[in-house]
Amino acid sequence: MKHLLSIDDLDRAGIERVLDRAASFAEVAGREIKKVPALRGRTVVNLFYEASTRTSSSFELAAKRLSADLVSIRAASSSVTKGESLKDTIATLTAYDPAAIVIRSPHAGAAQLVAGWTDAAVVNAGDGKHEHPTQALLDVFTLRQKLGSLDGVKIWIVGDVLHSRVARSDILAFTRMGAHVTLSGPPTLIPRGIEALGCDVEPTLDRLPEADVVYVLRMQHERMKEAYVPSLREYAMRYQIDTNRLQPHQVLMHPGPVNRGVELSGDAIDSPQALIGQQVEAGVVVRMAVLYELLAGAGAAKSPIGSVETAVAA
Ligand code: ASP
């Protein structure tokens, strides 16, 4: 694998390989000194054109824990604000000979474009409402840790699917790992024809008790040009997940950031059934594994070091 642009870049065995690596890095995360020399002397560029807390900080930590040299660029404080195009920005950064460019953009397809302009490995850290593959990998990692396997697991994804890159990547990853995915939300926020990805659609939460996993999405106001629901109050009445709607056997997930009191009630966020903190924790080791896979794994173009076991042991 040269780039990670979509979950489609990985088959089930590929997802398992990355997550097994992430598990070995989790052992490193438990040490006092959380660093391995795997990517020493390699340069990773983080280029974020959109707001991010979890994804940007975990990619930064991942690169640092692998001992890479890291350049982090936020569009708001870069020459992008002076009118530099994405292509020219990549040309400038390419002069530093980066091994990887991690990019987040408000435009679907941006990561794919960047991959055509650079020799570096490109990681899609979210492109518009298209995909967010590392989020899906960390979600599968979190569920594997909690449930052992996703085979036969019933996962309901609830909320604003229309604007969610997380939903698209998660549907692909969860179904590839053997889970059954059902989408639920207001019909205006469920893309027409999405069943083609291999999932079901339920317009109400009536059958939510059948789910093993309840995965809640944020209302993506920044991508809405019109009103998709009559009011947030009405949305919350019909679709908010609170501890009354949650069954004792269910686990609760959310990619963050949460709109507390809109898609999730405060008591649900803080309940022991919520895996939200575990998802954030998984972000670092999964992103370490993705960078490792692309820059030093078996299929990497240049592989300057030995096996991950050597890297982890070092
Ligand atoms: N953090 C996720 C994303 O960047 C989900 C969200 O923003 O709601 O897509």
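**The pocket and its neighbours**

Helices α2 and α6 (165–176) each supply at least two residues of the lining of the largest pocket. Helices here are DSSP runs of H or I of at least four residues, strands are E runs of at least two, and both are numbered from the N terminus. This is a predicted model, where local features need pLDDT of at least 70, side-chain atom pairs count only at pLDDT 80 or more, and totals for chains, interfaces and linings use all residues. Residues are numbered from 1 along each chain as its sequence is written, and side-chain values use heavy atoms, without hydrogens and water.

A pocket, on a 1 Å grid over the protein atoms alone, is an open set of points with protein on both sides within 12 Å along at least five of seven lines; a cavity is a set where a 1.4 Å probe fits but cannot get out, and lining residues have an atom within 4 Å of a point. The largest pocket holds about 350 Å³ of space, a volume being the space filled by probe spheres set on the points, which are joined across faces, edges and corners. Its lining has 20 residues, and Arg104, Arg165, Arg218, Gly256 and Pro257 lie nearest the centre. By class, that lining has 5 nonpolar, 8 polar and 7 charged residues. Nonpolar covers Ala, Val, Leu, Ile, Met, Phe, Trp, Tyr, Cys and Pro; charged covers Asp, Glu, Lys and Arg; the others, Gly among them, are polar.

Which domains does the lining of the largest pocket draw on? At least three residues come from each of domain 1 (7–132 + 282–313) and domain 2 (133–278), with bounds from an automatic or database domain assignment.

Now helix α2. Its 12 residues, 54–65, reach 16 Å from first C-alpha to last, close to the 16 Å expected at 1.5 Å a residue, where the expected span is 1.5 Å times one less than the number of residues. Among its buried residues are Ser56, Phe59 and Arg65; buried means under 20% relative accessible area with a 1.4 Å probe, protein chains only. Ser67, with a positive phi near 70°, follows α2.

Last, the closed space. The whole structure has 1 cavity of 30 Å³ or more. Asn46, Phe48, Ser56, Glu60, Ser72, Ile73 and Arg74 line the largest cavity. Two or more of the lining residues come from each of β1 (43–48), α2 and β2 (69–74), and β2 gives the most, with 3 residues.

Key
Buried < 20%, exposed > 50% of the residue type's maximum accessible area, 1.4 Å probe, protein only.
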